[in-house]
Amino acid sequence: MVNQSSPMGFLLLGLSEHPALERALFVVVFTSYLLTLVDNTLIILLSVLYPRLHSPMYFFLSDVSFLDLCLTTSCVPQMLVNLWGPKKTISFLGCSVQLFIFLSLGTTECILLTVMAFDRYVAVCQPLHYAIIIHPHLCWQLASVAWVMSLVQSIVQTPPTLHFPFCPHQQIDDFLCEVSSLIQLSCGDTSYNEIQLAVSSVIFVVVPLSPILASYGAIAQAVLRINSATAWRKAFGTCSSHLTVVTLFYSSVIAVYLQPKNPYAQGRGKFFGLFYAVGTPSLNSLVYTLRNKEIKRALRRLLGKERDSRESWRAA
């Protein structure tokens with residue numbers, strides 16, 4: 001994976017051309033990171049501690065929360081160091097590890113969001129068969145497939161990206177080590193890498209998005225056939241949090257990986273990449289903690305503010 005022309009490290013430019021904005025961005029990134037740590041840790045703990053949350057939906061939600069924790073931790077600490085001080089460097093090994101983890105976890109989330117869309121489809125369209133179709137063994141299988149596929153994708157994508165010769169200035173016009181930015185840094189022929197990135201983007205971004213759209217199309221048709229405002233509200237409450245997270249996640253991913261290749265798009269892409277790495281994980285957790293009634297109820301119990309007794313909670 002490392003050839004003789006590999007540099008000792010890279011210079012992550014970020015906002016170095018606007019030093020006055022770096023401190024402000026440091027505060028934003030640091031605050032978002034703290035929110036990500038607290039909210040996602042709470043979601044995982046609540047999903048484990050409270051029996052009412054021992055369901056497939058919260059199993060997948062805790063999985064997404066865990067990978068969001070890992071995703072942000074793989075890049076935000078280095079980003080904070082670069083934003084705060086004059087030193088903007090990252091070692092070649094650090095860049096390699098960051099790239100590998102970033103690719104793997106991003107792919108896992110694409111697949112898990114698709115699985116969660118299928119879970120919501122069964123919950124709304126086939127509620128009587130939900131426990132039979134979405135059983136615990138299937139949940140573990142689907143989660144395992146998501147993690148294994150993402151690991152394979154990262155193993156395939158990372159070595160070619162790091163193998164070609166880089167330009168002597170070693171400057172990455174980005175906040176983190178990301179595939180498209182490293183391709184821009186190469187002084188060799190990157191045609192194969194660009195094709196590989198395009199194919200991977202279609203397979204792991206466009207393809208998972210298709211069943212998500214199909215699932216919500218089927219959900220919309222099923223809900224519109226029901227002449228009940230209560231049923232509409234229940235269906236909206238079941239799907240709204242996941243749909244919001246899908247919108248946030250895919251809008252940033254598409255902007256990063258499926259944008260046209262030109263200087264303007266490259267400059268804009270690094271800010272979309274920043275939002276994808278820092279903003280999306282914190283907003284995901286906020287969406288679920290603020291909009292999900294079961295999570296809010298479990299949180300009130302954790303804080304000792306739930307009036308219901310422990311027996312009524314478990315009985316529910």
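Trainee: Why is Ala-198 called partly exposed?

Mentor: Buried means under 20% relative accessible area and exposed means over 50%, with partly exposed in between, using a 1.4 Å probe and protein chains only. At 41% relative accessibility, Ala-198 therefore counts as partly exposed. Ala-198 belongs to helix α7, where helices (H or I, at least four residues) and strands (E, at least two) are DSSP runs numbered from the N terminus. This is a predicted model, in which local features need pLDDT of at least 70 and side-chain atom pairs count only at pLDDT 80 or more, while totals for chains, interfaces and linings use all residues. Residues are numbered from 1 along each chain as its sequence is written, and side-chain values use heavy atoms, with hydrogens and water left out.

Trainee: What makes Phe-66 and Trp-147 a tilted aromatic pair?

Mentor: Rings of Phe, Tyr and Trp (its six-membered ring) pair if their centres lie within 6.5 Å, and planes under 30 degrees apart count as stacked, over 60 as edge-to-face and the rest as tilted. The search of the whole structure finds 11 aromatic pairs; in the pair of Phe-66 and Trp-147 the centres are 6.3 Å apart and the planes make 50°, which is why the pair is tilted. Phe-66 lies in helix α2 (residues 56-84) and Trp-147 in helix α5 (residues 136-163), so the pair ties together parts that are 81 residues apart in sequence. Phe-66 is partly exposed at 41% relative accessible area, and Trp-147 is partly exposed at 26%.

Trainee: How do you know that the charged end of Arg-23 sits over the ring of Trp-84?

Mentor: A charge sits over a ring if NZ of Lys or CZ of Arg is within 6 Å of the ring centre and within 35 degrees of the ring normal. The charged end of Arg-23 is 4.1 Å from the centre of the Trp-84 ring, and Lys-270 lies over the face of Phe-175 at 5.9 Å from the ring centre.

Trainee: What is the confidence of the chain, and where does pLDDT stay under 50?

Mentor: The chain averages a pLDDT (the predictor's confidence in each residue, from 0 to 100) of 83, and 91% of the residues score at least 70. Over residues 1-5 pLDDT stays under 50, and over residues 306-313 pLDDT also stays under 50.

Notes: Contact = heavy atoms within 4.5 Å.
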